[in-house]
Amino acid sequence: MTDTTSSQIDHLFNEDRRFAPSDAFAADAVATKELYAEAEADREAFWAEQARALHWHKPFTEVLDWSTPPFAKWFDDGELNVAYNCLDRHVEAGNGDRVALLWEGEPGDERKVTYAELTDEVKRLANVLGDLGIGHGDRVAIYMPMIPEAIAAMLAVARIGAIHSVVFGGFSADSLRSRIDDAGAKLVITADGGYRKGKVSPLKPAVDMALADRNGSGVQETVEHVLVVQRGKNAVEWTEGRDVWWHDVVPQASGEHEAQPFPAENPLFILYTSGTTGKPKGILHTSGGYLTQAAFTHKVVHDIHPETDVFWCTADIGWVTGHSYVTYGPLANGTTQVLYEGTPDTPHPGRWWELVEKYGVTILYTAPTAIRSFMKLGRAIPKKFDLSSLRLLGSVGEPINPEAWMWYRKIIGGKTTPIVDTWWQTETGAMMISALPGVTETKPGSAQVPLPGIAIDVVDEDGTHVGNGNGGLLVITKPWPSMLRGIWGDPERFVETYWEKFQKQGYYFAGDGARLDDDGDVWFLGRVDDVMNVSGHRLSTTEIESALVANEAVAEAAVVGASDETTGQAVAAFVIIKQSYLAANSPDGLAQTLRLWVGEQIGPIARPRDVYIVEELPKTRSGKIMRRLLRDVAEGREVGDTTTLADTAVMSVISAQVR
Ligand code: PRX
């Protein structure tokens, strides 16, 4: 059923190490066990109380409207301004001098940005957006490196009630173009380039390519302007009238900008994520409920003491983790955080640990794939740095194996820090399942329990609770404040993807396999659909297959996620080459060409680890590709049951070709 092999599962369930919170940590913890009881007693009152920790221009009187499921409304008659909550209110409370961002560029340049400075920048930018014709409800694409301006851009868009669509800077021009078109963005905010792996990686040229002449493409150009931050100082082309330098307009703009209230259900952002089809889904999040849950979970799960903590979430703002735990959660809570532009191993493999020491990071939130890469490099590297400031570690993006969990605690956490393994998704907007530090006794490898106010279950195909000791499908049984409100422009796909499977029960289907242990704690087993998880990033097999067949050499392609020691899963592609291509060209080097091709089409993260050129693909009689068998081959296992194949001999041919 899932990508995790049975031996791995057995291994997981033999895990019996337990770590109780220390008295010292528990004494000062933000989370308390009473939170569970409060939420249990009255879920909606509990969320209303968390929402009231925000500033409402107009207080809400309704909590949840679930009269037309699955379309939820939270705090519907309330009005707030998301950016005001993340900025102005801290300044007004006298905390303007507190550092919001401890930014470090990859080459080692630094900037400290206080709450007062960030508020000022966002106000100016909000005025500039108005001058560029952006208003309430307009869509703005953000394609930027990890620099303070990227955070300012998100907040300025939010401040004026417009909608941002952040596109990861590692995505290709094509991926950017399809996201701009789907959302109908009027403005793109970008930079000339940003530093990655020791050199400037250009961004503006990709925007230019994405917006290149559309004559004959049938797509109407919606983008009116491109606002460009100068960061990499790389040469860029300029389209007069369309392109605007940030430094020519933002510093000169007025710093006066009063944040207007917007309804709680005002759309805040669209974030594209891979599903099981070729076309990424634009996940839509709104304002009041999203900010409530992002801020609450950040505070209790990361145990935030804003006066003393230095928080560091290593995610890029191009992913949901960067939205909720770099921009919105931490800033809503008035947190001081590290923002790092570059890659973990530039200019040396101890770069992250150097930053922890330099800034005195107290809470680190990262992905298992990063932890496993560091494990591979060995403990000598982190041991060179003083990591004693760390007091809490978090994990997100994929199941963390017990070995990586133990290494993280021992080598990075000095054998003392609690670890919170947080399960959630782009669609859930914020954390859903996690231990609470200072409260929960943790188990290496398990995400454990739903957060207070969250209702989940593990069920069988019919939606029946599987009971402790059994595996099944993870569902969310009650609406939650930061839930997605839809798929941009496609309400049917929203209903079909998440709600149809358990329509009778009204459950949200997450697409993850999970098992309940004897205590009822949740252990995640990976996706149950054709979504891969590579380095904690979601990729669709279909999307990569479409990219492969778009190459002139390829007749057919099948892609699977094969387990990988470092990245969790890796992309393995099986391709059939066109006879006509082979008649005129040599197949030498073709596998490598196709790897690079996928990187160009989608982005380097989608580049297959392996491309196998084969003559046939395993298909059922109805023509469905049996990925399970290809996965066996890619993982070097004996091939499983082939009896449902149209041609049962095909797997021995493929296995022979791959070897
Ligand atoms: O399969 C689950 C896995 O990542 C998926 C969500 O991916 P995405 O929307 O890109 O968001 C990633 C960051 C929140 C889930 O369906 N996943 C995420 N966190 C965990 C996880 N699997 C197991 N344990 C986790 N802690």
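Contact here means heavy atoms within 4.5 Å. The structure is a predicted model, in which local features need pLDDT of at least 70 and side-chain atom pairs count only at pLDDT 80 or more, while totals for chains, interfaces and linings use all residues. Residues are numbered from 1 along each chain as its sequence is written, and side-chain values use heavy atoms, with hydrogens and water left out.

Isoleucine 544, its neighbours within four places in sequence set aside, is in contact with Met532, Leu539, Val559, Val571, Val598, Ile602 and Ala606. A nonpolar core is a set of buried Ala, Val, Leu, Ile, Met, Phe, Trp, Tyr and Cys residues joined through side-chain atoms within 4.5 Å, where buried denotes under 20% relative accessible area (1.4 Å probe, protein chains only). The largest such core has 160 residues, of which Ile189, Tyr328, Leu474 and Ile544 touch the most other members. Helix 8 (residues 148-159) gives the most to this core, namely 9 residues; helices are DSSP runs of H or I with at least four residues, and strands are runs of E with at least two, numbered from the N terminus. Another core, of 30 residues, lies apart from it and includes Trp407 and Ile411.

A polar side-chain atom of aspartate 421 lies 2.7 Å from a ligand nitrogen atom, and an N or O atom in the side chain of arginine 538 is 2.8 Å from a ligand oxygen atom.

Terms used:
Buried < 20%, exposed > 50% of the residue type's maximum accessible area, 1.4 Å probe, protein only. Polar contact = N/O pair within 3.5 Å; in protein donor to acceptor, adjacent residues only side chain to side chain.
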